[in-house]
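Thank you all for coming; today I would like to walk slowly through one part of a protein model and ask how its residues are arranged. Please have a look at the picture first.

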Amino acid sequence: MHKVLERAIGSADLNYLEMVFNTHPHYTTRGMEKMSLPLDDAVFSQWVKELIEKRIGITEPYTIVGDNFYKHNHSYFPHCDAVEDNAWMNIVIPIHQWYRFGDQKFIVFDQTWAGRNATWMGNFEFEGDFDSNKKRTQRPCDDEFFQGGTGQPLPDEIWNHLDKKYFTQDYFHSMSGTAYDWVPGNIILFDSNHIHATGKMQSTFKLGISIRTARV
């Protein structure tokens, strides 16, 4: 499952989220500025609860297991966040873009990943590893944990929106997906075990929030 709720968040809420980001401690990982969800903030915690239960309309029992606010100026590599065995749904909300020069996309692939959380690096190399989503270099389709492959080349309409600096189209062989509009106010929903990626950057910086849930 993956879909987008267009313009589901208004300007007042976007301003509130940006204020939350600007008034809490940040950390930097691999050049990306992040902030853990301040779930100990009662006002923010209530905002998230109303988002999930009223705006999105989730009625099943759930718990929040992460994630963070993020501000960055280069594309996230393709990755999968399904850390927990009961991982359920990722909620991504674009908040703000600085100096936008094109339509920003967020790609959710149709294919899923049955292994632990991972990041696909293409031909990019660096020492060490990510704290959470561990790096992988081989094509996703060549791994035993890859599920739902098409057996066909990645469609051009998806490839055209991906950052090509460290990848070839063949790296995404047997994959398909949807390039959603990353527009402030949209809510992008997808199962946590779907591989996903930032489209090529169309602004100098962008700020968003990701919330991960698990089934209870």
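Before we start, a word on terms: a residue is called buried when its relative accessible area is under 20%, and exposed when that area is over 50%. Please also keep in mind that what you see is a predicted model.

Let us turn to helix 2, which runs over residues 42-55 and reaches 19 Å from its first C-alpha to its last, close to the 20 Å expected. Which residues of helix 2 are buried? They are F44, W47, V48, L51 and I52, and, seen down the axis of helix 2, these buried residues fall within an arc of 125 degrees, so they line one face of the helix. In general, an α-helix has 3.6 residues a turn, so residues three or four places apart point the same way. On the other side of helix 2, by contrast, A42, V43 and K54 are exposed.

What do the buried residues pack against? Their partners are helix 1, strand 4, strand 6, strand 12 and strand 14.

If we take F44 as an example, and leave aside residues up to four places away in sequence, F44 touches Y16, L17, V20, L37, P38, L39, F69 and I209. F44 is also listed, together with L51, F69, I91 and I209, among the residues with the most contacts inside the largest nonpolar core, which has 27 residues.

Finally, the two ends: at the start of helix 2, a side-chain oxygen of D41 reaches to within 3.0 Å of the backbone nitrogen of V43, while just after the helix G57 takes a positive phi of about 85 degrees.

Key: Residues are numbered from 1 along each chain as its sequence is written. This is a predicted model: local features need pLDDT of at least 70, side-chain atom pairs count only at pLDDT 80 or more; totals for chains, interfaces and linings use all residues. Side-chain values use heavy atoms; hydrogens and water are left out. Helices (H or I, at least four residues) and strands (E, at least two) are DSSP runs, numbered from the N terminus. The expected span of a helix is 1.5 Å times one less than its number of residues. Buried means under 20% relative accessible area, exposed over 50%, partly exposed in between (1.4 Å probe, protein chains only). The arc is that of the directions from the helix axis to the C-beta atoms. Contact means heavy atoms within 4.5 Å. A polar contact is a pair of N or O atoms within 3.5 Å; within protein, one must be able to donate a hydrogen and the other to accept it, and residues adjacent in sequence count only if both atoms are side-chain atoms. A nonpolar core is a set of buried Ala, Val, Leu, Ile, Met, Phe, Trp, Tyr and Cys residues joined through side-chain atoms within 4.5 Å.
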